[in-house]
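Subject: Structure for your files, with notes

Hello,

The structure you asked about is pasted below.

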Amino acid sequence: MSEAREIKVDYLARVEGEGGMTVKVRDGKVEDVQVRIYEPPRFFEAFLRGRKYIEASDITARICGICPVAYQMSAVHAMEQAFGVTVGGQLRELRRLLYCGEWIESHVLHVYMLHAPDFLGYQDAISLARDHRAVVEQGLRLKKIGNEIVTTLAGREIHPINVRVGGFYRVPLREDFAKLRKELDWALDAAVKTVDFVAGLPFPDFEPQHEYVALLHPEEYPFNEGDIASTAGLRIKKDDFLEHFEELHVRHSNALHGRIKARGPYFVGPQARYNLNRDRLSPIAREAADRAGLGARCDNPFKSIVVRAVETVEACAEAIRILDAYERPDRPFVDYEIKAGVGHGCTEAPRGILYHRYEVDEKGDIVSARIIPPTAQNLPAIEADLRHFVTEHIDLDQENLTWKCEQAIRNYDPCISCATHFLKLEIDGD
Amino acid sequence: MHELSLMKSLMRKVDEVADREGAGRVLGVKVWLGALSHFSPSHFEEHFVQAATGTRAEGARLDCVLSDDIGHPHAQDVLIESVLVDRDGQG
């Protein structure tokens, strides 16, 4: 006999984390570690085809709510290269200022809201605020100043709208920055204090050796320009990126895995920038780094929190320098001629180099697009690090090991960072 | 981007309920969609049909109620209100 029955449930369906990790253990030894990204492919490169060149910066900005500026910058620099135009003077300075805002937003979010609670034994920033209210408030105010830079210059803090090929749609008046300029004095001081604060956190001894890759500019700590360089001696133009780097599809992840063709995994991001560009930091950022004991090179991924704090000092100091010398350009963008060509853009997103390549036809329609984000480049190196890390902690019970792995993954500030609080750790083997 | 993950959680719960009730098939699912859940009933149904394919909930009737209360504490969420199962003579 068949009987239909209605069962009351009242169950709240939850969005689960988009990340997972599988550890394979054999004879008490870690055999393999896989970081799985479930986040489905988004096909941005495919739907850019056939769109106008001018849309690329605004479409790709939607890829990330934390680093839309990076997507805009890589896109416009690529298009400008394709059209043979260079943006200089105050417009170039404003682009650096915009990047300062994004680095402050992103780094402060990670340092205060995601990473610091791990070191201090809290589940999240909300519980941290119960005992350390002033610390969290300092972080929030600092982040807000990053947001304000982006809003003042580019219309809104998330997915800004004022960036275009050749410059901007509109450039602010000097007085538009007046309030922000005052706030930046406080921000610089708070950023220096942040370095001192995070330098005192307890760091495990863990120093995996990697080949670090970042932009290298003759004079500046890099944002938008420079050669692509590595700690193993690589030095190439951005145009040659695809000759030296490749992305591979792996079975366990929807994110592609980056590697240097000749050698294998590599690392991008704040540690890479610091290790290659330390001597290009402003004096105040370098002093903060020295006081924090960072030295000439930082290999410990747990100390990436200190490097992010140092880069926040750099971004505040750079923003002050740019604003103090700011004179509103006569025109918000430079003219250029649309023509068929290929352009490459490689800029320093908060998480590391972000590479774009576009081919456009004579009408300025996009024929092909290629985007290589920093987290995908880092995944093989992250997995290698985690293999060492799990080996050292394999005796912990599942709950503690999961917690340690969540912390370890957050060292790399992957774009799935928010999701790793829901990390599902599977231990496969004996 | 988050629909797949949410559907996975929802289908797991439906499956748990069906197991507990010794059900052969799931005949219907009633869901409440929060005003800020970013779902319209038709959008939700598309995902539901896809997620249910090949499971015992395949072909189940879906009843969606879309809330318009943005102040509701679960305005951003999706709630399964009830599951209609065929106990298949095992009851």
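Helices (H or I, at least four residues) and strands (E, at least two) are DSSP runs, numbered from the N terminus. The expected span of a helix is 1.5 Å times one less than its number of residues.

Helix 6 (residues 133–154) of chain A has 22 residues. From first C-alpha to last, helix 6 of chain A reaches 31 Å, close to the 32 Å expected.

Before the rest, a note on provenance. This is a predicted model, in which local features need pLDDT of at least 70 and side-chain atom pairs count only at pLDDT 80 or more, while totals for chains, interfaces and linings use all residues. Residues are numbered from 1 along each chain as its sequence is written, and chains are lettered from A and ligands numbered from 1 in the order in which they are written.

More on helix 6

A residue is called buried if 20 or more other C-beta atoms lie within 10 Å of its own, exposed if 12 or fewer, and partly exposed in between, with C-beta atoms placed from the backbone. Buried residues of helix 6 of chain A include A:Gly139, A:Leu142, A:Ile145, A:Ile149 and A:Leu153, and also A:Lys143 and A:Glu148. Two residues are in contact if their C-beta atoms, placed from the backbone, lie within 7 Å. The buried residues of helix 6 pack against helix 3 (68–83), helix 4 (89–120), strand 4 (163–164), helix 7 (178–199) and helix 11 (304–324) of chain A.

Just after helix 6 of chain A comes A:Gly155, with a positive phi of about 95°. In the loop between helix 6 and strand 4 of chain A sits A:His159, whose phi is near 50°, positive although the residue is not glycine. Most residues other than glycine have a negative phi. A:His159 is partly exposed, with 18 other C-beta atoms within 10 Å.

Chain A overall

Chain A has 13 helices and 14 strands. Its radius of gyration (taken over C-alpha atoms; the globule rule is 2.2 Å times the number of residues to the power 0.38) is 22 Å, close to the 22 Å that the rule gives for 430 residues, so chain A is as compact as a globular protein of that length. Along the principal axes, the C-alpha atoms of chain A fill a box of roughly 75 × 55 × 55 Å. Of the 430 residues, 45% count as buried.

A nonpolar core is a set of buried Ala, Val, Leu, Ile, Met, Phe, Trp, Tyr and Cys residues joined through C-beta atoms within 7 Å. The largest such core has 111 residues, and A:Val195, A:Val310, A:Val313 and A:Cys316 touch the most other members. Helix 4 of chain A gives the largest share of this core, 13 residues. Leaving aside neighbours within four places in sequence, the contacts of A:Val195 include A:Ala288, A:Ala292, A:Val310 and A:Val313.

Two sheets in chain A

Two strands pair if DSSP finds at least two bridges between them. One open sheet has three strands in the order 11-12-13 (chain A), paired antiparallel. Strand 11 (341–349) and strand 13 (366–372) of chain A are at the edges, each with a single partner strand, so one side of each is left without a neighbour in the sheet. Strand 11 and strand 12 (residues 352–360) of chain A pair over nine bridges; A:Gly343 has A:Tyr358 in strand 12 as its bridge partner. Axes are lines fitted to C-alpha atoms, for helices over the stretch in contact, and angles run from 0 to 180 degrees between N-to-C directions. Helix 12 (residues 374–392) of chain A lies across strands 11, 12 and 13, running at about 130° to strand 12.

A second open sheet of three strands has the order 6-7-8 (chain A), also antiparallel. Four bridges join strand 6 of chain A to strand 7 (residues 227–230) of chain A, and A:Leu215 has A:Ile228 in strand 7 as its bridge partner. Helix 9 (residues 270–277) of chain A packs on this sheet, touching strand 6 and strand 7, at about 50° to strand 6.

Chain B

Chain B has two helices and three strands, in the pattern α-β-α-β-β along the sequence. The C-alpha trace of chain B spans about 45 × 20 × 20 Å along its principal axes, and 26% of its 91 residues count as buried. B:His38 has a positive phi of about 65° although it is not a glycine; B:His38 is found in the loop between strand 1 (25–33) and helix 2 (41–52) of chain B.

Regards
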